[in-house]
Amino acid sequence: MQYLYEPVSGGAGRIAGTLLGALAFGLPGAAGGFLVGYAGDVFVRRWCVSGRCWRDRVSDDVQRHYLTAACAVMGHVAKADGRVSEAEIGVARQVFELLELDRDMRRDAIALFGRGKRGNFPLAWVLRRFHRACRGDDDLLHAFLEYQAAIAQADGHPTEEQQALLTRIAQRLGFNESELRDLMRSQKGGRGLRAMPQSPYRVLGVAESATPDQIRRAYRKLVGQYHPDRLQARGCSEEEIRMGASRTHAARRAYDQIRRQQGF
């Protein structure tokens, strides 16, 4: 029952729906228009934090949900006490760096962080969607929660509002208060943050059932896309070239690991 109604600020859809319904059908139409408008408002605010901007660049659903939720929820945790500090922004930048986001993806990540700061951010929906995508992968959930704990403790100690929010997030992801306390101790000051845990198949963007030919093609595509020489030839920045080298190295490690496992 807790998901049947979501408080939505703004309400342009509800206002328009109520007015149009009233004009067309009177009082019953106004009630119906309000419900339709409310559904529209909910759809729009969810659509804005759905990760749609990365569908063409991140083929793996789990990775896309992880990146989307991590960036948006960090913004929500940072703004929980009413303001976002420079230290919190610094931790967010550190996470963006760990996630190896290129220039375009970093711009989208910053936009998601900003949407997370809004009062009508659909936290429950984002967490539910992310948790379902992870399929019980505790390592992914733990790394995600580490980012949120680091943001909350960027200024030393989390505020009362941030602590309450962290507890809600942890509970929705299946962590108890003792586990959250242990995690927060390990993440104070942003220590020990790590990139998204990934299997070699996820690094290459293929399913574990992929054939050797599909794996080879995926590997060659990644190397061709991110090899530093090609990025340099396209006039990319030093940061993008460095990130490309890191992705190329990760792809080679993943490809070699799969080859050893499958014997091809």
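Trainee: How do H2 and H5 run relative to each other, roughly parallel or roughly antiparallel?
Mentor: In this predicted model, H2 and H5 are roughly antiparallel to each other, a label used for angles over 145 degrees between N-to-C directions. The axes of H2 (residues 61–78) and H5 (residues 123–134) cross at roughly 150° and come within 9 Å, an axis being a line fitted to C-alpha atoms over the stretch in contact, with angles running from 0 to 180 degrees.

Trainee: Which residues make that contact?
Mentor: From H2 there are Val62, His65, Tyr66, Ala69, Val73 and His76, and from H5 there are Leu123, Val126, Leu127, Arg129, Phe130 and Ala133, where contact means heavy atoms within 4.5 Å.

Trainee: And what is the make-up by class?
Mentor: The contact of H2 with H5 has 9 nonpolar, 2 polar and 1 charged residues, with Ala, Val, Leu, Ile, Met, Phe, Trp, Tyr, Cys and Pro counted as nonpolar, Asp, Glu, Lys and Arg as charged, and the others, Gly among them, as polar.

Trainee: What about H5 and H7, at what angle do they pack?
Mentor: H5 packs with H7 (residues 160–172) at an angle of about 35°, and their axes are 10 Å apart. On the H5 side Leu123, Ala124, Leu127 and His131 meet Leu165, Arg168, Ile169 and Arg172 of H7, and by class that contact has 5 nonpolar, 1 polar and 2 charged residues.

Trainee: Changing topic, what is the phi of Glu100, and where does the residue lie?
Mentor: Phi of Glu100 is near 55°, a positive value in a residue other than glycine, and Glu100 lies in the loop between H3 (86–98) and H4 (103–116). Most residues other than glycine have a negative phi.

Trainee: Is Glu100 buried or exposed, or something in between?
Mentor: Glu100 counts as partly exposed because its relative accessibility is 22%; buried means under 20% relative accessible area, exposed over 50%, and partly exposed in between, using a 1.4 Å probe and protein chains only.

Trainee: How many helices and strands does the whole chain have?
Mentor: The protein chain has 12 helices and 0 strands, taken as DSSP runs numbered from the N terminus, with at least four residues of H or I for a helix and at least two of E for a strand. Of its 264 residues, 46% count as buried.

Trainee: What should I keep in mind about numbering and cut-offs?
Mentor: Residues are numbered from 1 along each chain as its sequence is written, and side-chain values use heavy atoms, leaving out hydrogens and water. As this is a predicted model, local features need pLDDT of at least 70 and side-chain atom pairs count only at pLDDT 80 or more, whereas totals for chains, interfaces and linings use all residues.

Methods:
Parallel < 35°, antiparallel > 145°, perpendicular 65-115°, else oblique.
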